[in-house]
Every structure is written in C-alpha cells, then in structure tokens.
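I opened this model to look up its fold, its core and a handful of single residues. My entries follow the order in which I looked.

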Amino acid sequence: MAKAIPKIGSRKKVRIGLRRNARFSLRKSARRITKGVIHVQASFNNTIITVTDPQGRVVFWSSAGTCGFKSSRKASPYAGQRTAVDAIRTVGLQRAEVMVKGAGSGRDAALRAIAKSGVRLSCIRDVTPMPHNGCRPPKKGRL
C-alpha cells in the first residue's frame with residue numbers, strides 16, 4: 001500500500017519548555033518608527049492603546065489587561081498610564097498625533113503619560129462617536 005504524501009505545513013508545532021502555569025511571550029518584537037499615530041480607546045472597563053504608522057498600519061498595541069491588571073483595576077487611571085508608557089517605550093516614537101476615543105477614567109492619565117514620555121505631539125483629537133439623535137428610546141413601562 002502506498003504511503004500518503006503529507007501536506008505542507010501539516011507538521012505539529014512543538015513548543016519546548018512550556019509548563020501549564022508558566023507565562024510566556026509569543027509577541028513579535030515591534031517595529032521601530034519615528035512618526036506615528038497613537039489611538040487611545042478608553043472605555044469604562046478597559047484602556048486600549050494602539051500605535052500605528054502614518055498610513056494606519058498597526059505597529060504595536062497594549063491594553064490594561066495585557067499589562068497585568070485584572071477586573072475593575074483595568075479601568076483605573078493608573079492602568080491607563082502604565083499601558084501608555086508600555087506602548088510608547090516599546091515602539092520608540094519621536095513625533096505623534098493622538099486620537100482619543102471614549103469616556104473612561106484611563107483617558108486623561110494616558111494622555112498625561114504620553115506627554116511626559118518625551119514624544120512631541122502634533123495634535124490631540126477627540127474622536128469619540130456622538131449620536132446626532134441616536135436610537136429610539138424604549139417605551140415607558142405601564143404602571
């Protein structure tokens with residue numbers, strides 16, 4: 001009986017040295033760029049910071065969850081500050097625009113951390129979506 005020809009890429013990938021509780025990093029090293037756009041998305045539950053190049057391609061992202069914060073501490077201003085510092089230090093930006101979205105408490109702290117980090121900011125823009133009348137509200141309950 002003929003032996004089956006294996007498909008390319010069907011080999012099992014074996015990771016050496018993994019334990020059940022061990023933490024490991026599979027992230028690629030981020031590209032170094034000098035000019036970019038920093039997107040700060042601050043919700044009531046988390047703060048996510050994305051660094052993109054001027055064309056909009058994502059270079060690096062970080063969130064309060066990936067920085068080690070859990071549950072309600074992800075929404076704290078300190079978590080937003082640590083997330084911003086982590087994202088900028090990894091990429092090594094010199095000049096940037098900042099787009100801020102959302103109304104979370106990590107928003108102002110992240111902005112202060114970006115300004116303190118030595119990045120020259122060309123503009124800070126608020127891109128929070130605002131409804132121009134919004135959805136129809138639900139009917140009032142009858143008593």
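The entries below go from the whole chain to its elements and then to single residues.

**Conventions.** I note that this is a predicted model, in which local features need pLDDT of at least 70 and side-chain atom pairs count only at pLDDT 80 or more, while totals for chains, interfaces and linings use all residues. Residues are numbered from 1 along each chain as its sequence is written, and side-chain values use heavy atoms, with hydrogens and water left out.

**Overall.** I looked up the secondary structure and found two helices and five strands, where helices (H or I, at least four residues) and strands (E, at least two) are DSSP runs numbered from the N terminus. From the N terminus on, the order of the elements is β-β-β-α-β-α-β. Of the 143 residues, 31% count as buried, with buried meaning under 20% relative accessible area, exposed over 50%, and partly exposed in between (1.4 Å probe, protein chains only). The accessible surface, from the Shrake-Rupley method with a 1.4 Å probe, comes to about 11,600 Å², and 53% of that belongs to carbon and sulfur atoms. I also checked contacts (heavy atoms within 4.5 Å): among those between residues at least 6 apart in sequence, 63% join residues at least 24 apart.

**Helix α1.** Does the length of α1 agree or disagree with its residue count? The expected span is 1.5 Å times one less than the number of residues, so the 15 residues of α1 (residues 77-91) should span 21 Å, and the end C-alpha atoms, 22 Å apart, agree with this. Its buried residues are Ala79, Gly80, Thr83, Ala84, Asp86, Ala87, Ile88 and Val91, and these pack against β1 (35-42), β2 (47-52), β3 (58-63) and α2 (106-116). Just after α1, Gly92 takes a positive phi of about 80°.

**Helix α2.** I listed the buried residues of α2 as Gly106, Arg107, Ala109, Ala110, Leu111, Ala113 and Ile114; what covers them includes β1, β2, α1, β4 and β5 (120-126). Lys116, also in α2, counts as exposed at 76% relative accessibility, and its C-alpha lies 9.3 Å from that of Val85, 31 residues apart in sequence. Just after α2, Gly118 has a positive phi of about 95°.

How do β2 and β3 pair, parallel or antiparallel? They pair in the antiparallel sense over five bridges, given that two strands pair if DSSP finds at least two bridges between them. The two strands form a hairpin with five residues between them, and Gly56 in the turn has a positive phi of about 100°. Thr50 has Trp61 in β3 as its bridge partner. Thr52, in strand β2, counts as buried at 4% relative accessibility, and, leaving aside neighbours within four places in sequence, Thr52 is in contact with Ile33, Gly36, Val37, His39, Arg57, Val58 and Val59.

**Core.** I then turned to the nonpolar core, a set of buried Ala, Val, Leu, Ile, Met, Phe, Trp, Tyr and Cys residues joined through side-chain atoms within 4.5 Å. The largest has 20 residues, of which Ile38, Val40, Ile49, Val91, Leu93, Val98 and Ile114 touch the most other members. β1, β2, β3, α1, β4 (95-101) and α2 each supply at least two residues of this core.

**Aromatic pair.** Rings of Phe, Tyr and Trp (its six-membered ring) pair if their centres lie within 6.5 Å, with planes under 30 degrees apart counted as stacked, over 60 as edge-to-face and the rest as tilted. By this rule I found one aromatic pair. The ring centres of Phe69 and Tyr78 are 5.9 Å apart and their planes stand at 85°, so the pair is edge-to-face. Phe69 counts as buried at 14% relative accessibility, whereas Tyr78 is partly exposed at 45%.

**Loop between β3 and α1.** Ser71 lies in this loop and has a positive phi of about 50° although it is not a glycine; at 52% relative accessibility, Ser71 counts as exposed. Ser72 lies in the loop between β3 and α1 and counts as exposed at 63%. The C-alpha atoms of Ser72 and Phe44, 28 residues apart along the chain, are separated by 9.1 Å.
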